[in-house]
Amino acid sequence: MKVSLKWLNQFVKVDDIDPEVLASKMTFAGVEVEEVLTLAKATGLTIGHIIECEEHPNSDHLHVLKVDEGKYGIHQIVCGAPNARKGLKVIVAKEGAVLPEVTIVKSTIRGVESDGMCCALYELGVDKKYLSEKQVSGIEELPEDAPVGIDNVLEYLGLDDSILDLKLLANRSDMNAMENVAREVGALLNRPVSFPTYKVEGKFKSEYTVASKTQKCPLFGMREIKGIKTKPSPKWMQEILTAEGVRSINNVVDIGNFVMLLTGQPLNMYDADKLPAKELVAVDDVEGPFVAMDDKTYNLEKNDLLISSGGEGMCLGGIMTSKACEVDENTTHVLLEAAVFNGASIRRTSNRLGLASESSARFVKGINPDQNEYVMEVTCALLKDLCEATAASETVIYDTLNHDKKVVNTSLSYINGRLGTNFSMEEVVEVLSRDHLAPVVDGDSITVGIPPYRIDMKEGCDVSEEVIRLLGFENITSRLPASNPEVKGGYTPKQLNKQAVRRFLRYSGLSECLTYSLIDEKHKDSFCYLDNGENYVLMNPLTDDRKVLRKNTLYSLLSVASYNIAHQEKDLAIFEISDVDSKAKASTHLSIVLAGISHERGDLVKKPYDFYDAKGLVEGILSLLGIKENRYRIARIDTDKAEFHPGRSAAIYVGRDLVGVMGELHPAALKEFGLGKSCVGVELDLNYLLDLKVGQDKASIPPRFPSMSRDLALVIGKGVNYADIKNDIKKTDRLVENVSVFDVYEGEHIGAGKKSLAISISFRSADKTLTDPEVSSVMDKIISALRIKYNAEVRS
Amino acid sequence: MASAIERVLEIREKALKEIEEAKNLEGLAVIKNIYLAKKSELTSLMGLMRELSQEEKGAFGKAINDAKQAIQDRWAKKAQEMEAKKLQEQLEKEAIDITLPGKEMKAGHINPYYIVIDEVSDIFASMGFEIVEGRDVETDHYNFELLNVPKDHPARDMQDTFYINENQLMRTQTSAAQAHTMIKNEGKKPIKMICPGKCYRRDDDDMTHSHEFGQIEGLVVDKNVSLADLKGTLEMFVKKMFGEKREIRLRSSYFPFTEPSVEVDVSCAKCDGKGCAMCKGTGWIEILGAGEVHPNVLRMCGYDPEVYSGFAFGVGIERVAMLRYGVDDIRRFYQNDIRFIKDFNKN
């Protein structure tokens, strides 16, 4: 909504206040002024009379004018406007005049002296969108009676105005009406507000009827007006409309717009003589084509609100009139419609057809349902006054609304309690009175009457808002909420563990990333191992790239790696923790990507990331979370997808639950993502791991007796897992305390398909110091067991 | 007798001289063998004792023992010196270029999005708030209905919300988690919570808009909770988050779930409220939306608005990060260009 301060000043005095100050007051009270605009900005203007107009000797389009500027004398001006001609009254910017784009100086144009400039309105700063084509293509043509030589040209033109551009919040639809803006400003400044009264005498009874067959139109008011003459609007109305950012068309159309701006009630006018029947009916069950006044055909669907006559669609309710009954310059007989339409319905239709207007916007936000009669009276009075209408009918109305006055009961203690203030009853009553809420006090209780335009106000909390927004939030003294032992507060152990995992990874040199949860359909199953449920898919995506909610995160993180590698950042260690969802489950996943080279000492010591880097991080996380080695196991990933390297990747299980995958990427995946030669990926079901019950830490007493250690070299089949050997050795005898591998060798010194493991075994007894023969006997058992089970060749 | 003592002194002088002239530890070992071994000449001179008188025995014995002691002491001293020198030489030889790269133990970096989430969470956790994380997929009921955004409210437009089906959607605000908590409490327990997380809106991505963005919304519900409690809480938060000198001011605003609603401006940290490019010359920066919980929300979530009241607030994560770190484009948070992330550290 644009608010012309000149127009506003007709209802409440504001011409003694700096527009910026007013704007700031309104903004703090919840009516945000986005910008304070001036209609035009120019100094050094006067009005001139062209007394001579000659062709410029050295140009095919310039004119040389002699302009009589009254008390400022006669000046020669070179002018390029095609409409410059002898006898015309024009706006002249004199030497030294400052216009938005230019400062006027005496100059010589193609050899002819020019002293001043004849102006178009846009050259004074008026936005071209308010001007006609003619006004834009030439200089402004002033009426014949324009006073030559005056100084206050902007005032004469009605351009000496400032405009407040309001950015309206959803609850203040009432601010779409100038009358209500005046009431708001009156309340804010504590100043009286007054409006002119309109009265139409001698109304006749119309033969036309109105009806509604849908709840989407609960109120339909109509008046019939005869004997209208279409012509340009008077200057005062044109000026107001220009200031409001509405283009003046003709007196009839302009009155419709003017009344809407004044009252907030959208109006529609039908050429009565073009209607097929003497009725207007609101319906919502028509389908098919509708030719609107913009000459375009729109396809109606069921539930679109339509005003019909004789079964034919006459108006797309609240949005646009049909071509068939449009008011034009020959119209003399008009039906005026002032209705209440359901905002949601208008919004749906308007969005679907891409048709929005000032009218539809007002219906969508909600209008005052109680001012129908008043609005039509104002309109008819103006039509009689400005369009020479000969007669206006009484109102014909269909009305199912309850127009009882709304009342809210509240109390001083409730208001102060909500606000945390100590306002006195006098202060509250004073502010509610100037807010037009007519408070009635009874002890602590306050009853207010809600003005019909305040459709946002329903209960006590709304009244408390009026009090504080008008008195100012600086009246609130800060305090902190009392603490309540029922709220524990702080992080949960699970949240602390999650933070610990993030810190562990960052301290291990990985960087924490954030990626979109919405991905494209093509990759919805990429690197999906932990959750194979059905993806959530958006009904109304904006783009195909962001259509599916991911259920795993590794794909997204690989895309981050691929982006960075494409930008010459080839060595990366990154991770992300994110919530994931599918129709099967909701969880939180951790993914890790290690790409390129691990720089252990800059470029001096480096190696490509490999499987064991990933495994180390995963084991680190598990140990951090207190998940002991015996709680999980790793196995090869059971898949035929070419995503992980089949021989260099692993799945992690807790019991029978798959809780993670990790490994080097398959060459095909490296290629697809542009990931270079080496890249390792990990994805863990972090939520599962965080929820896993783990035993409490407890102290272990250092052993009393010393341990003994023996080494063992085995040659076994390449496919034998170290973990199996280790488990078997441990199981052989309870004296075995620990088993560790210290060398792995494959190569020419041992046979093909074989590998050699060097293993160190430590022995300890809880009861005594072990002797050589005791340990040797266990070693013998171990060696023979390994020989039998793995056909191992044992070298000691 | 005199010649015997002379011989002792002679040996002593010779030995001391040889020790002095020894070139290395090996030479020193040879000297030790000659003069200090069991069968050394000094030891053999002891044989003469038998022939001496009681008186002379004393003097001769002393001379031999003195000589032995002197050689022993000098030898030990010399050996120690030589060992020290040898160690010194070894250490010098072992010196390395200390300017070569060390083992890389540097901590990784962090997307600034998380710095803001963590800091805000820490502040509110320290003020006794619980941190509740909801889910990204929500129902219409929890995301809108319970928060006083009824059907047909413009905010529920298909234009603005990603729907999965008629009932499910991508949450547009984390306050959906607040509704869950209120319902779970069955209208009894007081609440003090924040919910950080990702939200989704049907916005085209550009420099300041993102279809995914982070939000932290807070809620306090108890008896006698007023706008004054909100103002105090946010003041404390702002000072902890943006610095002791920061102040706030409230402007009337509108949100469906609060009444009264306010926008909260923070005095500009860059110019200290004097007005600069960052605050567009106003001295203030809009940071939070907040308000007193609408009675409808309490009612619908099972709390009696006659008994309980509350306040709620929300802050955009990227917006705070953008202001604080001078990030020009919201898309950077989701791009994870490592050259961008490298600037951010957190312990």
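A residue counts as buried if 20 or more other C-beta atoms lie within 10 Å of its own, as exposed if 12 or fewer do, and as partly exposed in between, with C-beta atoms placed from the backbone. The model is predicted: local features need pLDDT of at least 70, side-chain atom pairs count only at pLDDT 80 or more, and totals for chains, interfaces and linings use all residues. Residues are numbered from 1 along each chain as its sequence is written, while chains are lettered from A and ligands numbered from 1 in the order in which they are written.

**Stop 1: a covered helix.** Select residues 358-365 of chain A, helix α9. Helices (H or I, at least four residues) and strands (E, at least two) are DSSP runs, numbered from the N terminus. Six of the eight residues of α9(A) are buried: S359(A), S360(A), R362(A), F363(A), V364(A) and K365(A). Contact here means C-beta atoms, placed from the backbone, within 7 Å. Then click on G366(A), which follows α9(A) and has a positive phi, near 105°.

Stop 2: Select 288-291 and 297-300 of chain A, strands β15 and β16, which pair in the antiparallel sense over four bridges. Two strands pair if DSSP finds at least two bridges between them. G288(A) has L300(A) in β16(A) as its bridge partner. Five residues lie between the strands of this hairpin, and D295(A) in the turn has a positive phi of about 70°.

**Stop 3: the cores.** A nonpolar core is a set of buried Ala, Val, Leu, Ile, Met, Phe, Trp, Tyr and Cys residues joined through C-beta atoms within 7 Å. The largest one has 267 residues, and L8(A), C118(A), A561(A), I574(A) and V593(A) have the most contacts inside it. Helix α8 of chain B (residues 227-242) gives the most to this core, eight residues. A second, separate core has 13 residues, including L712(A) and L786(A). Return to L8(A): leaving out residues up to four places away in sequence, L8(A) touches V3(A), V14(A), M178(A), V181(A), A182(A) and V185(A).

**Stop 4: between the chains.** Show both chains; 74 residues from chain A and 71 residues from chain B take part in the contact. On the side of chain A, helix α13 (residues 460-471) brings the largest share, six residues.

**Stop 5: chain B.** Colour domain 1 (2-94) and domain 2 (112-341) of chain B separately; the bounds come from an automatic or database domain assignment. Their centres, taken over C-alpha atoms, are 91 Å apart.

How values were computed:
Two residues are in contact if their C-beta atoms, placed from the backbone, lie within 7 Å.
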